[in-house]
Amino acid sequence: MKRAYKLQNLGCANCAAKIENDIAQLAGVNSVRVNFMTEKLILDADQEEFVSILDQAQTIANKYEPDLLIIK
Amino acid sequence: MNIIKNLNKSEKILLTRIFVSAFVFVVLLPLYYGKSVDRSNNWTIFNLDGKNYLFLIIYLIIYFIIGYDILRTAIRNIFGGTILDENFLMTIATIGAFLIGEYPEGIAVMLFYQVGEFFQRQAVNKSRKSIADLMDITPEYANIMLDGELTQADPYEVSVGDEIIVLPGERVPLDGTVLTGSSAIDTSALTGESLPRDILPGDQVISGCINLSGKLTLKVEKEYDDSTVAKILELVENASDQKAESEVFATTFARYYTPIVVLAALVIAIFPPFLFNQAFSSWLKQSLIFLVVSCPCALVVSIPLTFFGGIGGASKAGILVKGSNYLEYLAKTKKIIFDKTGTLTKGNFAVSQICPCSSSEVSEEVLLEIAAYSEYYSNHPIASGIIAAYGKQIDSDLIENVEEISGHGILAKVDGSTVLSGNTKLMQKFKIKFPSNNESGTIIHVALNNKYIGYIVIEDQLKTDTRRAIKDLHQIGISEISMFTGDQDVTANKISGQLGLDNYQAELLPADKVEHLEKALTEKNNTNELVAYVGDGINDAPVLARADIGIAMGGMGSDAAIEAADVVIMNDQPSKIAEAILIGRKTFRIVKQNIIFALGVKFAILILAVLGIANMWLAVFGDVGVTIIAVFNAMRALNPGLPLKHT
């Protein structure tokens, strides 16, 4: 399943790269892109685990950017 | 003061903090460096006299005003398990400066870091916005007739077959066919073409265009999600999801650069003082300089920004680039292969001669009629040309068993007789004897019940800007321009000569085109010299896909073209290809400049720091200063640049 989410408060391009890198390491993630310019998260992950992966992605995002919000 | 008005609340607070602390900082400087303080050489926070405590307290207050959010984030991140982020590095660097008694430097680093972040954020927002404006072709509503009244509806809710009304000045919300009304429409948002197009009943109109003069009633052909405007928006938005090689390089580089520089900072803070018994504070200062320049932000921000700007700038010019990587490929293109029909030529074939063969006793009209009937079901441009020349109503009940033999022609039963119409290969395939001739143009031989009855000559015209396109490409240094065509050698030779092409391959079947392309791909001697294929996207899909970079003539929203290619030329003009390559080169050039500039400055500062020449001020420039310059440079990519000069 592939979906795109709008990101709020993505201010640092380096963080975007780190967040992308960390989410890609999660089990069940096929591909992920954190686009700094369009402020979007494009996540392609297994259907069954999608919700939990998205939660983990939010946690990872806040590790680097405390105010970042994935708008669901 | 518009800039300040557009800021949000937290940005305004930050700006106030910057002004307050900068003011106090500047006022304190002469006092601090004046005679009032004794600053002997080995002077640190651990041996202060009373006066210095006063300064320390004032400076600490400024420090918290300007840097409390950085400190807070740094502490929170440490507990969150993230170290080595910017906030942490800035905190360490500034606290370090305080520890060695360099209060002003500590404040300066924080102050300039905040100023830099502020400007960087503004610059990024501005370019995000200018790209969004560029893409602002979304139609907001569609006019529909409801109970005899004109009502505005959401374009999403209009279905195929509905009638919509587009008033002058409005944007066409959905793709459709004109039922009534005539007008001129501005397609510039989609094609980059500034000349309006005249529209009459029966014409197709694509969404995103602006109706300039007359009221139009359209029959909707596609739902909003399938309409041209939605497709283009999606394409451009997603284009920056495909990373270019240099972008991958920047993120990979960033992953290693920061830890290495921080490690180096630790090493120079610890080893020289212990090993060589040197002053701890001076080496600590040098290691702090390392920390300040250890953020790779200049690269990580500016490279995607540049590609994004390039994609935005290209789409403004009517060139859709489907990924950042393709801009890079365009920049490296050295050889271009063109398809002929529909790409170099208009593709609207017109019948120029009808030559019944003398032995068959068929009149010109009958020959044309037989050909038109046999070609009736084909959507090949040649067929349209013949049918248009025939001009009379075709009774489709008389046509049976139509078989289109790819690259040869058509076999059909018309009114009970077997008709073959196609090129020489078709005649040879069915062993039909025909007189040879040397006509240029496309020759359609026709056989009735396995007997040759004559041929029709069809000629295609070059697009108006084809000559210029080829000249431009040669001028910008494309080393080889070729043409692949299914057409016969005589025609190919004539066109190739007219245009000054480097070479051509004629009489190719679609499969042959792939084979010849493969050959061209293996022949190239350098992986940095790429081969582009330009086609009309309908029957060229396999070749477009196989080439290093496939460029399609968009046919104003042809799905097949947009699907198969990497780059789509919206207005079908071959002269846009040189422009696309120039945009690619400009984008790539800016990326290279930024990489060299950012890394150059950072490494220079690192070296100067080791030599003990660099100071904190320089280091701050090496961090935020470089980033801001790189961002401004990146924003140049939004402007496609001047068109080529023609002499």
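Biologist: Which residues does S227(B) touch, leaving aside those up to four places away in sequence?

Modeller: In this predicted model, S227(B) lies in the loop between β9 (216–220) and α7 (228–239) of chain B. Not counting residues up to four places away in sequence, the residues that S227(B) touches are L174(B), D175(B), S207(B) and K222(B).

Biologist: Is S227(B) buried or exposed?

Modeller: A residue counts as buried if 20 or more other C-beta atoms lie within 10 Å of its own. S227(B) has 25 other C-beta atoms within 10 Å, and therefore S227(B) is buried.

Biologist: What distance separates the C-alpha atoms of S227(B) and D460(B)?

Modeller: These two residues are 233 residues apart along the chain. The separation of the C-alpha atoms of S227(B) and D460(B) is 30 Å.

Biologist: What distance separates the centres of domain 1 and domain 2 of chain B?

Modeller: The domain assignment of chain B places domain 1 at 142–231 and domain 2 at 350–459. Taken over C-alpha atoms, the centres of domain 1 of chain B and domain 2 of chain B are separated by 39 Å.

Biologist: Why is strand β14 of chain B described as largely enclosed by the rest of the structure?

Modeller: Strand β14 of chain B spans residues 409–414. It is largely enclosed because, of its six residues, the number buried is five.

Biologist: How many bridges does β14(B) form with strand β15 of chain B?

Modeller: On one side, strand β13 (residues 399–405) of chain B runs antiparallel to β14(B) and is joined to it by five bridges, with E403(B) opposite L411(B). Strand β15 (residues 417–422) of chain B also pairs with β14(B) in the antiparallel sense, and K413(B) stands opposite T418(B) there. The number of bridges between β14(B) and β15(B) is six.

Biologist: Which residue takes a positive phi in the hairpin of β14(B) and β15(B)?

Modeller: In the hairpin of β13(B) and β14(B), with three residues between the strands, G407(B) takes a positive phi near 75 degrees. The hairpin of β14(B) and β15(B) has two residues between the strands. There, the residue with a positive phi, near 50 degrees, is D415(B).

Biologist: What is the phi of K431(B)?

Modeller: K431(B) belongs to the loop between α15 (424–429) and β16 (442–448) of chain B. K431(B) is exposed, with 7 other C-beta atoms within 10 Å. Although K431(B) is not a glycine, its phi is positive, at about 55 degrees.

Biologist: How are α10(B) and α22(B) oriented to each other?

Modeller: Helix α10 (residues 297–316) and helix α22 (residues 616–635) of chain B pack with their axes 8 Å apart, at an angle of about 10 degrees. Angles under 35 degrees count as roughly parallel. The two helices α10(B) and α22(B) are therefore roughly parallel.

Biologist: Which element gives the largest share of the side of chain B that touches chain A?

Modeller: The contact takes 22 residues from chain B and 14 residues from chain A. On the side of chain B, the elements giving two or more residues are α3 (50–79), α5 (103–134), α8 (245–276) and α10. The largest share, six residues, comes from α10(B).

Definitions and conventions: Residues are numbered from 1 along each chain as its sequence is written. Chains are lettered from A and ligands numbered from 1 in the order in which they are written. This is a predicted model: local features need pLDDT of at least 70, side-chain atom pairs count only at pLDDT 80 or more; totals for chains, interfaces and linings use all residues. A residue is buried if 20 or more other C-beta atoms lie within 10 Å of its own, exposed if 12 or fewer, and partly exposed in between; C-beta atoms are placed from the backbone. Helices (H or I, at least four residues) and strands (E, at least two) are DSSP runs, numbered from the N terminus. Two strands pair if DSSP finds at least two bridges between them. Domain bounds come from an automatic or database domain assignment. Axes are lines fitted to C-alpha atoms, for helices over the stretch in contact, and angles run from 0 to 180 degrees between N-to-C directions. Angles under 35 degrees count as roughly parallel, over 145 as roughly antiparallel, 65 to 115 as roughly perpendicular and the rest as oblique. Two residues are in contact if their C-beta atoms, placed from the backbone, lie within 7 Å.
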